[in-house]
Amino acid sequence: MTPIQEVAKRANVSVATVSRVLNDSEKVKEETREAVLQAIKVTNYSPNLSGRILRRNKTNVVLILLPTISNPFYSKAVRGIRFVADKMGYLTMICNTESNRDKEGKYLDLLKYKQADGAIIMSQESSIEELEEIGAIHPVVQCFEYKSENLSYVSIDNEKAAYEAVSYLIGIGHKKIALVGCNPHYSSAEQREAGYKRALHDANIELEQNLIVRGDYGFKSGYRCAQKLLKQNVKPTAIFAISDMQAIGVIKALKNKNIKVPEDISVFGFDNISFSMIYDPGVTTVSQPTYDIGAKAMSVLIDLLDGKTRSSQHILLKHRLIIRESTRTTVE
């Protein structure tokens, strides 16, 4: 049992509640706070000895955990992180987790062993409890994906962005709109699917489960998902893919079946990666300010490292729709 777990057990609360007390969260009841503080005193738990402010061995190294280095989506964010890190005298270490929980854990262990000062996590394989346990001791910022409200994060409003994208398709006349989603592993996937469903609901369009297919965020997944949709008896007139790489895979699959985009089926992506602009047809998409999100995440992390803030920061930057050739202007 780790020290923070001992505190949680003695106070009869969760590790997450101990984390909230350590972060001076206003969400904790006063009697609960007192119980946790008393447990900390009894167990001699001292998170600040290896934590955020009084760290003995500062490395000036920050970890950047991402699921893959092959997806161009992450490159702009990494540039934003590195710009702020260089300016403030920090080195960055790219940690390619390959969406593997064990690999992610080994990278995060570098914080425990004082080989890095903090971490920016772009996707999370660890549980909420594991992340909050690490975040209670070490500065951690969630970037794009966020599981815990008790830890800082920088992202966009994914649910709202997806809602606006699907509402656009509805506005130009589409009623049979398919979703190419992702297995509910990432918070962004859940949020974007929720936006898709809300847009249909608000337009009084019946949700058809057979028009929802899920895979991962990649090109091959988008291709396979499109193939599944084309086997349905009722074909969609539009497909909303929750990533541009998926959308490009979808378009490729449609082209291989001699289905014209957007004349036969419109395709809407998400992320506005560089490929989406140069692909034929250009992919209509949701643009995230990825560079700014990365830069802001690093700024928040530095505030935590310098002890300028103890409470978690929740920052959502603005998105926008980019209308290109993959969606028709009007539907007959």
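A residue counts as buried when its relative accessible area is under 20%. I note that the model I consulted is predicted.

**Entry 1: aromatic pairs.** I searched the whole structure and found seven aromatic pairs. One of them joins Y168 and F268, whose ring centres are 6.1 Å apart. Their planes meet at 70°, so I recorded the pair as edge-to-face, since planes over 60 degrees apart fall in that class. I then looked up where the two residues lie. Y168 belongs to helix α7 (residues 158-171) and F268 to strand β9 (residues 266-268), so the pair links parts of the chain that are 100 residues apart.

**Entry 2: accessibility of this pair.** Is F268 buried or exposed? F268 has 0% relative accessibility and therefore counts as buried. For Y168 I found a relative accessible area of 23%, which makes this residue partly exposed.

**Entry 3: a second pair.** I next examined F240 and F270, which form a tilted aromatic pair. Their centres are 6.5 Å apart, with 55° between the planes. F240 sits in strand β8 (residues 238-241), whereas F270 is in the loop between β9 and α11 (274-278). The two are 30 residues apart, and their pair again links distant parts of the chain. F240 is buried at 0% relative accessibility, and F270 is buried with a relative accessible area of 0%.

**Entry 4: the cluster.** I noted that Y168, F240, F268 and F270 form one aromatic cluster.

**Entry 5: charges over rings.** Which residue lies over the face of F270? I found R192 there, at 3.7 Å from the ring centre. I also recorded the charged end of R198 over the ring of Y163, 3.8 Å from its centre.

How values were computed: Residues are numbered from 1 along each chain as its sequence is written. This is a predicted model: local features need pLDDT of at least 70, side-chain atom pairs count only at pLDDT 80 or more; totals for chains, interfaces and linings use all residues. Side-chain values use heavy atoms; hydrogens and water are left out. Rings of Phe, Tyr and Trp (its six-membered ring) pair if their centres lie within 6.5 Å; planes under 30 degrees apart count as stacked, over 60 as edge-to-face and the rest as tilted. Helices (H or I, at least four residues) and strands (E, at least two) are DSSP runs, numbered from the N terminus. Buried means under 20% relative accessible area, exposed over 50%, partly exposed in between (1.4 Å probe, protein chains only). A charge sits over a ring if NZ of Lys or CZ of Arg is within 6 Å of the ring centre and within 35 degrees of the ring normal.
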